[in-house]
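The following report describes the predicted model shown here, moving from a sheet and its helices to annotated segments and individual residues.

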Amino acid sequence: MAGPRVEVDGSIMEGGGQILRVSTALSCLLGLPLRVQKIRAGRSTPGLRPQHLSGLEMIRDLCDGSVCLLMQVSMPCVLFAASPSELHLKGGTNAEMAPQIDYTVMVFKPIVEKFGFRFNCDIKTRGYYPKGGGEVIVRMSPVKQLNPINLTDRGCVTKIYGRAFVAGVLPFKVAKDMAAAAVRCIRKEIRDLYVNIQPVQEPKDQAFGNGNGIIIIAETSTGCLFAGSSLGKRGVNADKVGIEAAEMLLANLRHGGTVDEYLQDQAKFIVKKSEDEEDASKDTYIIECQGIGMTNPNL
């Protein structure tokens with residue numbers, strides 16, 4: 001890395017790990033040395049844990065042991081590599097403060113593939129907090145460049161579906177209770193659609209540790225996807241977990257946008273009022289995000 005060193009203030013925005021993850025990936029892509037100060041300044045325990053880590057250990061730490069956050073760091077790099085890549089990622093697949101692997105597969109994957117690339121995500125083992133222990137294999141081929149996309153037509157909601165899971169020693173009834181509570185909550189606002197949330201007992205040979213959670217997806221006529229999710233915690237009953245996921249989904253649907261709050265994370269946006277609003281009583285805004293125009297020098 002022979003270019004000028006880039007200095008990044010890790011305390012900006014939420015002051016969490018995302019600014020560090022994005023900066024690390026861009027440093028790799030652009031071949032620029034990087035120094036990040038005030039890492040995780042917004043956290044109750046700022047900085048890296050522990051203080052002296054190798055490069056690989058630092059990446060795992062800044063991803064909080066989450067497979068999905070490891071994907072956020074690695075995917076941009078392998079997209080602009082010289083040849084296809086196979087990533088073996090180990091850690092938590094369904095963890096707090098990170099996307100669940102189900103969100104990555106069911107929402108992130110189909111939307112991000114609109115940029116003109118494909119990837120395969122093979123969930124070998126699910127892992128839960130605090131043990132982790134999950135394993136996911138990601139296969140991806142490089143691209144010359146990413147295509148711009150336009151997501152401004154929301155359409156109408158046509159499907160609502162999801163999965164409520166339990167793993168380890170937790171009884172299957174917990175999954176059924178989460179699903180039933182979520183369905184009841186959604187039907188208070190959306191009565192004309194069948195809500196299909198499947199309770200699932202994860203196979204013992206495909207899950208490490210004990211865990212429970214739920215993810216609910218709303219799909220629209222134009223291919224937009226919205227999600228609500230929640231993970232179980234000790235002492236929290238199943239109904240509350242299901243209701244929390246349902247309320248998150250409903251909140252994402254109420255705002256009237258074309259993506260949910262977690263798909264528009266950590267980028268520089270230009271926000272302007274739409275000039276094509278048919279109903280003057282409503283405020284519609286166009287949100288634009290300008291990429292860096294990266295092209296793959298290997299292809």
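## Sheet, helices and selected residues

Strand β4 (residues 119-127) and strand β5 (residues 134-140) run antiparallel and are joined by six bridges, where helices (H or I, at least four residues) and strands (E, at least two) are DSSP runs numbered from the N terminus. Within this pair, Asp122 stands opposite Ile137 in β5. The model is predicted, so that local features need pLDDT of at least 70 and side-chain atom pairs count only at pLDDT 80 or more, while totals for chains, interfaces and linings use all residues. Residues are numbered from 1 along each chain as its sequence is written, and side-chain values use heavy atoms, with hydrogens and water left out.

Both strands belong to an open sheet of four strands in the order β3-β5-β4-β8, with mixed pairing; two strands pair if DSSP finds at least two bridges between them. At the edges are β3 (85-91) and β8 (207-208), each of which pairs on one side only. Helix α3 (residues 67-79) packs on the sheet and touches β3, β4 and β5, its direction making about 160° with that of β3, where contact means heavy atoms within 4.5 Å. Helix α4 (residues 101-112) also packs on the sheet, touching β4 and β5, and its direction makes about 170° with that of β4. For these angles, axes are lines fitted to C-alpha atoms, for helices over the stretch in contact, and values run from 0 to 180 degrees between N-to-C directions.

In the loop between β4 and β5 lies Pro130, and the peptide bond from Tyr129 to Pro130 is cis, with omega near 0°. Met97, in the loop between β3 and α4, has a positive phi near 60° although this residue is not glycine. Most residues other than glycine have a negative phi, and most peptide bonds are trans.

An unreviewed UniProt entry annotates residues 152-253 as "domain: RNA 3'-terminal phosphate cyclase insert"; UniProt positions are given in the numbering used here, feature names are shortened, and annotations may be inferred rather than shown by experiment. This span is 31% helix and 36% strand, and its end C-alpha atoms lie 14 Å apart. The unreviewed entry's "binding site" annotation includes Tyr262, which is in contact with Tyr103 and Met248 when neighbours within four places in sequence are left aside.

Relative accessible area classes residues as buried (under 20%), exposed (over 50%) or partly exposed (in between), with a 1.4 Å probe and protein chains only.

| Residue | Relative accessibility | Class |
|---|---|---|
| Arg43 | 26% | partly exposed |
| Tyr262 | 48% | partly exposed |
| Met97 | 68% | exposed |
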